[in-house]
Amino acid sequence: AVGEAARTTQTRHSQPGCLTGSRPREFARRPMKPSEVELFTHVIGSPIGPLTLAVRKRGGVYAVHFGRRSEWPATYRIENNKYACGELALELEEYFAGKRREFSLSLLPEGSEFQKNVWHALQKVAWGNVVSYSELSRRIGRRGAARAVAKAVASNPIPILIPCHRVILASGAPGLYAAHHTDLDTGRQMKKTLLELENVSLDWS
């Protein structure tokens with residue numbers, strides 16, 4: 001059964017001195033050819049393991065990858081630069097320390113219009129709340145498209161900032177996490193860590 005803290009109708013938590021960013025907004029639209037993808041990257045540690053951060057050289061968060069990513073498409077120009085990724089690293093560190101519940105950075109995920117609609121709806125699922133795939137499909141006006149929504153959630157290139165860890169099954173079960181990046185048990189533990197950080201109680205048995 002889903003605990004009280006996991007109800008989708010739950011009000012947002014407030015905490016004195018909590019650092020917050022701006023409310024979710026439309027993703028920045030900056031069309032670029034694949035040959036023009038130029039990124040600054042940096043790896044940070046976190047409670048769920050190493051994270052590879054990637055930001056556009058022109059500004060905006062491009063991706064957050066689980067683990068240490070060293071291989072990129074041949075058309076990408078990659079430069080390791082911790083200073084360029086510093087603001088993203090700081091906001092993630094504040095989140096993991098319990099000092100941030102919203103992110104303020106401009107996001108530039110690559111995907112279809114449908115995927116971007118799903119990811120934008122995900123940004124509106126506040127800290128400490130969860131939503132089912134079917135409810136998420138309803139929120140984007142696509143009732144009955146829960147399976148397609150699940151695929152879009154699984155393709156999220158900027159986890160944590162676009163909080164796909166807050167999506168669960170309609171039954172209240174936690175569901176999968178990071179299935180394309182790690183084994184099922186590790187992904188499940190990562191999701192558990194993130195949700196417990198947000199005081200969400202689920203039945204993990």
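1. Cysteines. Cys85 counts as buried because its relative accessibility is 0%; Cys164, with a relative accessible area of 9%, is buried too. Buried here means under 20% relative accessible area, exposed over 50% and partly exposed in between, with a 1.4 Å probe and protein chains only. A search of the whole structure gives zero disulfides, a disulfide being a pair of cysteine sulfur atoms within 2.5 Å.

2. Basis. This is a predicted model, in which local features need pLDDT of at least 70, side-chain atom pairs count only at pLDDT 80 or more, and totals for chains, interfaces and linings use all residues. Residues are numbered from 1 along each chain as its sequence is written, and side-chain values use heavy atoms, with hydrogens and water left out.

3. Main core. The largest nonpolar core has 40 residues, and Leu51, Leu53, Leu88, Leu92, Leu136, Val153 and Ile160 have the most contacts inside it. Such a core is a set of buried Ala, Val, Leu, Ile, Met, Phe, Trp, Tyr and Cys residues joined through side-chain atoms within 4.5 Å. At least two residues of this core come from each of strands E1 (38–44), E2 (51–56) and E3, and from each of helices H1 (86–96), H2 (113–123), H3 (133–139), H4 and H5 (184–197). H1 supplies the largest share, five residues. Helices (H or I, at least four residues) and strands (E, at least two) are DSSP runs, numbered from the N terminus.

4. Leu51 is in strand E2 and counts as buried, at 0% relative accessibility. Its C-alpha is 4.9 Å from that of Phe66, 15 residues away in sequence. Not counting residues up to four places away in sequence, Leu51 touches residues including Val43, Ile44, Val64, Phe66, Phe96 and Ile160. With the same exclusion, Leu92 touches Ile44, Leu53, Phe103, Ile160 and Leu161. Contact means heavy atoms within 4.5 Å.

5. Largest pocket. Its volume is about 500 Å³. Of the 27 lining residues, Val153, Ala154, Ser155, Asn156 and His180 are the closest to the centre. A pocket is an open set of points on a 1 Å grid over the protein atoms alone, where a 1.4 Å probe fits, with protein on both sides within 12 Å along at least five of seven lines; lining residues have an atom within 4 Å of a point.

6. Pocket lining. Strand E3 (61–66) and helix H4 (146–154) each supply at least two lining residues, and E3 gives the largest share, five.

How values were computed. Grid points are joined across faces, edges and corners, and a volume is the space filled by probe spheres set on the points.
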